[in-house]
Amino acid sequence: MRERLTRRGLLGAGVLGTGSLLLAGCDRLNRSETFRGLLEDAEIAHRESQRLITGGALAPEYAVRDLSPNFRANGNRTAAGDAAWDAHAARNFADWKLRIDGLVLNPLDLALDTLRSMEQRTQITRHDCVEGWSAIGQWTGPQLGPILRAANLLPAARYLVFHCADRFGDTPYYESIDLFDAYHPQTILAWAMNGAPLPVKHGAPLRLRVERQLGYKHAKYVMRIEARASLAGLYGGKGGYWEDRSAYAWYAGI
Ligand SMILES: Nc1nc2c(c(=O)[nH]1)N[C@H]1C(S)=C(S)[C@@H](COP(=O)(O)O)O[C@H]1N2
Ligand SMILES: [Mo]
């Protein structure tokens with residue numbers, strides 16, 4: 001179902017129908033398997049209808065005068081405690097490399113200098129956290145699209161998983177996006193914020209910016225990007241740390 005709808009990008013009458021069921025949602029319905037399936041369809045409908053409306057549209061961009069004087073840090077504010085991240089942080093990430101693997105023809109290990117030497121995009125955008133705060137920041141880094149072209153995705157690849165260095169307890173933070181968002185022009189791997197190297201609390205050395213989605217999709221402390229055919233079998237199977245343990249939607253389009 002998910003695959004078919006995604007491929008065709010269609011908004012069928014049946015899918016629109018699930019919207020009204022959603023409004024009538026209650027706990028008992030929520031526990032029923034069928035209803036959970038419908039909820040998933042409704043999430044796809046949200047994604048597909050938003051894409052029908054916005055297409056490849058850009059998230060709003062702002063001016064330097066709009067920058068938030070204090071951009072709040074949220075979730076984990078460091079990845080300290082992860083042995084690999086600690087060792088790299090101690091050397092100011094001088095020989096840190098981003099790993100790109102999974103369903104790719106050419107696995108890549110990209111140093112920060114390499115990422116900085118590629119064509120850069122700088123964008124001033126508003127970050128919206130589901131917890132009810134927003135902040136405007138400036139982000140700089142290469143677009144993800146050209147990097148994926150260099151890695152040469154295999155035809156079976158449908159999702160990109162961002163593996164992060166930080167954890168909550170024993171569970172690593174991770175996130176995922178589909179290829180539509182991966183190739184969106186505002187999807188960048190940011191190594192700089194407000195004109196300076198990314199501060200630790202905002203995800204040093206590298207974070208994802210995926211500007212048309214909510215805050216929790218913007219993975220910080222990214223160490224590895226894995227191309228996959230499916231999100232099943234990875235941690236909780238729902239494609240992200242918060243998606244696995246809360247009602248947060250995998251597609252968090254704003
Ligand atoms: N690795 C990692 N990425 C993360 C989080 C986190 O705890 N760990 N929190 C998410 C949430 S909920 C938000 S709102 C933003 C916060 O980004 P900021 O700290 O730069 O404001 O990062 C997202 N990415
Ligand atoms: Mo958030």
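How many nonpolar, polar and charged residues does the lining of the second largest pocket have, by class? In this predicted model, the lining of that pocket is made up of 13 nonpolar, seven polar and six charged residues. The space lying in the second largest pocket comes to about 350 Å³. A total of 26 residues line the second largest pocket, and the closest to its centre are Asn74, Gly75, Tyr173, Gly215 and Tyr216. Two or more lining residues are given by strand S3 (120-129) and by strand S5 (159-168), and S5 gives the most to this lining, with three residues.

Charged side chains were examined next. Side chains of opposite charge can pair when their charged atoms come close. In the model, the count of salt bridges comes to 13. One of these joins Glu175 to Lys217, with an N to O distance of 2.8 Å between the two side chains. This pair links distant parts of the chain, since Glu175 belongs to strand S6 (residues 171-178), whereas Lys217 is in the loop between strand S10 (207-210) and strand S11 (222-228), 42 residues apart. Both Glu175 and Lys217 are buried.

A further set of charged residues, consisting of Arg99, Asp101, Asp109, Arg224, Glu226 and Arg228, is linked in a network of salt bridges. Within this set, Asp101 forms a salt bridge with Arg99, and the closest N and O atoms of that pair are 3.4 Å apart. The two partners fall into separate accessibility classes: Asp101 has a relative accessibility of 13% and therefore counts as buried, because the cut-off for burial is under 20% relative accessible area, whereas Arg99, with a relative accessible area of 28%, is partly exposed.

A salt bridge is also formed between the side chains of Arg228 and Glu226, at 3.2 Å from N to O. Under the cut-off of 20%, Arg228 is buried, with a relative accessible area of 17%, and Glu226, at 11% relative accessibility, likewise counts as buried.

How values were computed: Residues numbered from 1 in each chain as written. Chains lettered and ligands numbered in written order. Predicted model: local features only at pLDDT ≥ 70, side-chain atom pairs only at ≥ 80, totals over all residues. Heavy atoms only, no water. 1 Å grid on protein atoms, 1.4 Å probe; cavity = no way out; pocket = protein on both sides within 12 Å on 5 of 7 lines; lining within 4 Å. Points joined across faces, edges and corners; volume = space filled by probe spheres on them. Helix = DSSP H or I, 4+ residues; strand = E, 2+ residues; numbered from the N terminus. Nonpolar A, V, L, I, M, F, W, Y, C, P; charged D, E, K, R; others polar. Salt bridge = Lys/Arg side-chain N within 4 Å of Asp/Glu carboxyl O. Buried < 20%, exposed > 50% of the residue type's maximum accessible area, 1.4 Å probe, protein only.
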